[in-house]
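Here is a short walk through one protein model, written for anyone who likes to look at the atoms while reading. Have the viewer open and follow along.

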Amino acid sequence: NENIEVILKIDNSAKEYFLRKKVLSNMKILDNTNEYFVVSTNISFDDEILNLVKQWIPYIEILKPIELQEKLEDVLKKYLENR
């Protein structure tokens, strides 16, 4: 299995949860502002991060790889279209 590096932008309103619960076991904080923080993590499968991000909408965004953010957007669009 090949690991994929994922960069996430997370709203500070969710920061305490992500830091205290250690949701992402190999998380590294790359940037920290008054509004959000940016982290790096490694995953083996897309669904590892997609399921987490879906749980935390609108507080989290995938910055990299962009293909993963696009995949998430496609899943959400299909969901909304079928309602």
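This is a predicted model: local features need pLDDT of at least 70, side-chain atom pairs count only at pLDDT 80 or more; totals for chains, interfaces and linings use all residues.

Leaving aside residues up to four places away in sequence, Leu8 touches Leu24, Phe37, Val38, Val39, Ile49, Val53, Ile60, Glu61 and Ile62. Leu8 also belongs to the largest nonpolar core, which has 18 residues. Within that core, the residues that touch the most other members are Leu8, Ile10, Phe18, Ile49 and Ile62. Two or more core residues come from each of β1 (4-11), β3 (36-43), α2 (46-55), β4 (60-64) and α3 (66-81). The largest share is that of α2, with 4 residues.

Now to the charged side chains. How many salt bridges does a search of the whole structure find? The search finds 2, and the table sets them out.

| Salt bridge | N to O distance |
|---|---|
| Arg20 and Glu16 | 3.6 Å |
| Asp46 and Lys71 | 3.0 Å |

Take Arg20 and Glu16 to begin with. Both sit in helix α1 (residues 15-21), and because they are 4 residues apart there, about one helical turn separates them. Arg20 counts as exposed, at 54% relative accessibility, and Glu16 is exposed as well, at 57%.

The other pair links separate helices. In general terms, side chains of opposite charge can pair when their charged atoms come close.

The backbone has some details to look at too. Pro65 is placed in the loop between β4 and α3, and the bond from Lys64 to Pro65 is cis with omega near -5°.

Although Lys22 is not a glycine, its phi is positive, at about 50°. Lys22 is found in the loop between α1 and β2 (28-32), and it is exposed, with a relative accessible area of 63%.

Methods:
Residues are numbered from 1 along each chain as its sequence is written. Side-chain values use heavy atoms; hydrogens and water are left out. A nonpolar core is a set of buried Ala, Val, Leu, Ile, Met, Phe, Trp, Tyr and Cys residues joined through side-chain atoms within 4.5 Å. Buried means under 20% relative accessible area, exposed over 50%, partly exposed in between (1.4 Å probe, protein chains only). Contact means heavy atoms within 4.5 Å. A salt bridge is a side-chain nitrogen of Lys or Arg within 4 Å of a carboxyl oxygen of Asp or Glu.
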